[in-house]
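Please consider the structure shown below with attention to its pockets, its salt bridges and a few individual residues.

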Amino acid sequence: MKYTELKNSIKEGAKPVYLFEGDDAYFRSNGEQQIKTAFLQMPELNFTAFDGDTLKGPALSQLVAAVKSFPFMAEKRIVRVSEFYPSESEFENYIKPLFADFPPSSILIINNSGAKKGFDFKRKSLVAYIDCNRTDREAVAKWAYITLRRANVDAPVAVCENIADYCLCNMARVSVEVQKIIAYKGGGALTQEEADALVYKDADFRLYELTNTVPVKNYTKFCRIADELLKKGGDEIYILNGLFNYFKTLLTVSASSLNVQELASQFKMKEFVVKKNREQAVAIGEKQLEKYVAYIYRSIADIKSGLLTPQSALQNVQNAIFFGFGKN
C-alpha cells in the first residue's frame, strides 16, 4: 500500500507485521509513529527496538524472543527492527517458524531504507508492505498546501509546488521547511518571495537550475548559481560532473529511437522530465551536445592528470558553452 493509505488500514485493525520500506525517511518514521499511536500502551514496557545490523545468525533468536513476549497490561506489544536484511537461510531458520505461529498480541515493525539486499518480506501474506519511496511532485505539494492551511498559512499551489521542487520531493526535507515557514509566518498569506528566502534549496536542485540556463543561454544566471554552489560547500568537480551527466542524458534522449514512455521506463524518469530533456536537446542540437560531452569529459580527465586546475577547467567549460569553443 501507499503511505497515504496507512491511516485507513489502521482503522481496520492491527496487522501482525508492517514493512516500511523506501528512500523517504519521513514516511518511514511517521508511518511507524502512526502504528505506535494506534496500538501501543506503556511504551517503556511494551516497546523494544533492534538494529538489524546486529542481528546475524543465532542473534536473531533475540528478535524472535522479543516478539513472542507477552505485553504488560496491554493488548499489544510492538517490536521494531531497523535496516533488517536477513539472508534466505536466516529467514528459513529463525523467522519462518515465527511467522508460522505469530503471536496475536505482538506487532513487528520492519523499518528499511532498502539500501541493502536481503530476504524479500513483501512476498509474505503476513506482511503489510507500505511503500515509503519518494513520491511525486503533486502529492508532496498537496501535503505542503494542506499542512500550511491547517496552520492558517495561505500558500498558493504554485508556491507549494516550488517548495517540493526545492527539496527534490524529499518529504523529510519538505516537512522541516514547512515547519520553518509556519514558525516564521504564524498565519496569513505566504508569498513566493518569502518561500524563496525561507526554504533552503537542495544542492542538486540548484544544479538542476544551473543546467537549465544552458538551453536559454543565460550566462549571468549560470555564473550566479555556480558561485552559490561553490560558496555552500560544492566544488568545481561537482559542477563539472553535473554538467557532464546533464549533457550526456540529453544526448542519449536525443539519439534514442524509443518513445517518451519507453525512455521514462528505461531510465526510471517521469515522462514530463523526458519530454523536457528532449525539448532542451533540440534547443541545443545533437552535434553541439556531442562536443559538450567530449569537452567536459576531457576537462575532468585533465584535472585528474594534473594538467588543469579545477577552477581553470570550470572556467574553460563555461566559456565553451556560452561563447563557443574557439580553437579547442
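The report that follows takes up the pockets, then the salt bridges, and then some features of the surface and the loops.

The structure is a predicted model, in which local features need pLDDT of at least 70 and side-chain atom pairs count only at pLDDT 80 or more, whereas totals for chains, interfaces and linings use all residues. Residues are numbered from 1 along each chain as its sequence is written, and side-chain values use heavy atoms, with hydrogens and water left out.

**Pockets**

Rolling a probe the size of a water molecule over the atoms shows where empty space is left. Here the search runs on a 1 Å grid over the protein atoms alone: a cavity is a set of points where a 1.4 Å probe fits but cannot get out, a pocket is an open set with protein on both sides within 12 Å along at least five of seven lines, and lining residues have an atom within 4 Å of a point. Grid points are joined across faces, edges and corners, and a volume is the space filled by probe spheres set on the points. Helices (H or I, at least four residues) and strands (E, at least two) are DSSP runs, numbered from the N terminus.

The largest pocket holds about 1300 Å³ of space. Its lining consists of 33 residues, and those nearest its centre are Leu-168, Tyr-208, Lys-270, Phe-272 and Val-273. At least two lining residues come from each of helix 6 (137–150), helix 10 (203–212), helix 12 (236–255) and helix 14 (271–284), and helix 10 gives the largest share, with seven residues. For the classes, Ala, Val, Leu, Ile, Met, Phe, Trp, Tyr, Cys and Pro count as nonpolar, Asp, Glu, Lys and Arg as charged, and the others, Gly among them, as polar; on this basis the lining of the largest pocket has twelve nonpolar, ten polar and eleven charged residues.

The second largest pocket has a volume of about 730 Å³. It is lined by 23 residues, with Tyr-3, Thr-4, Phe-27, Ala-139 and Trp-143 closest to its centre. Helix 1 (6–11), helix 2 (25–39) and helix 6 each give two or more residues to this lining, the largest share, seven residues, being that of helix 6. By class, the lining of the second largest pocket has eight nonpolar, six polar and nine charged residues.

**Salt bridges**

A salt bridge is counted when a side-chain nitrogen of Lys or Arg lies within 4 Å of a carboxyl oxygen of Asp or Glu, and the structure holds 19 of them.

Salt bridges that share partners join Lys-201, Arg-206, Glu-209, Arg-224 and Glu-228 into one network. With the terms buried (under 20% relative accessible area), exposed (over 50%) and partly exposed (in between), taken with a 1.4 Å probe and protein chains only, Arg-206 is buried at 9%, while Glu-228 is partly exposed at 24%.

**Surface and loops**

Leu-45, Phe-72 and Met-73 make a nonpolar surface patch of about 340 Å². Patches are made of residues with over 30% relative accessible area and no salt bridge, like charges being joined within 9 Å and nonpolar side chains (Val, Leu, Ile, Met, Phe, Trp, Tyr) within 5 Å; accessible areas come from the Shrake-Rupley method with a 1.4 Å probe, and for residues only the protein chains shown count as cover. Leu-45 lies in helix 3 (residues 43–46) and is partly exposed, at 42%. Met-73 lies in the loop between helix 4 (60–68) and strand 3, is exposed at 68%, and has a positive phi of about 50 degrees although it is not a glycine.

Asn-152, likewise not a glycine, has a positive phi of about 65 degrees; Asn-152 lies in the loop between helix 6 and strand 6 (153–154) and is exposed, at 59% relative accessibility.
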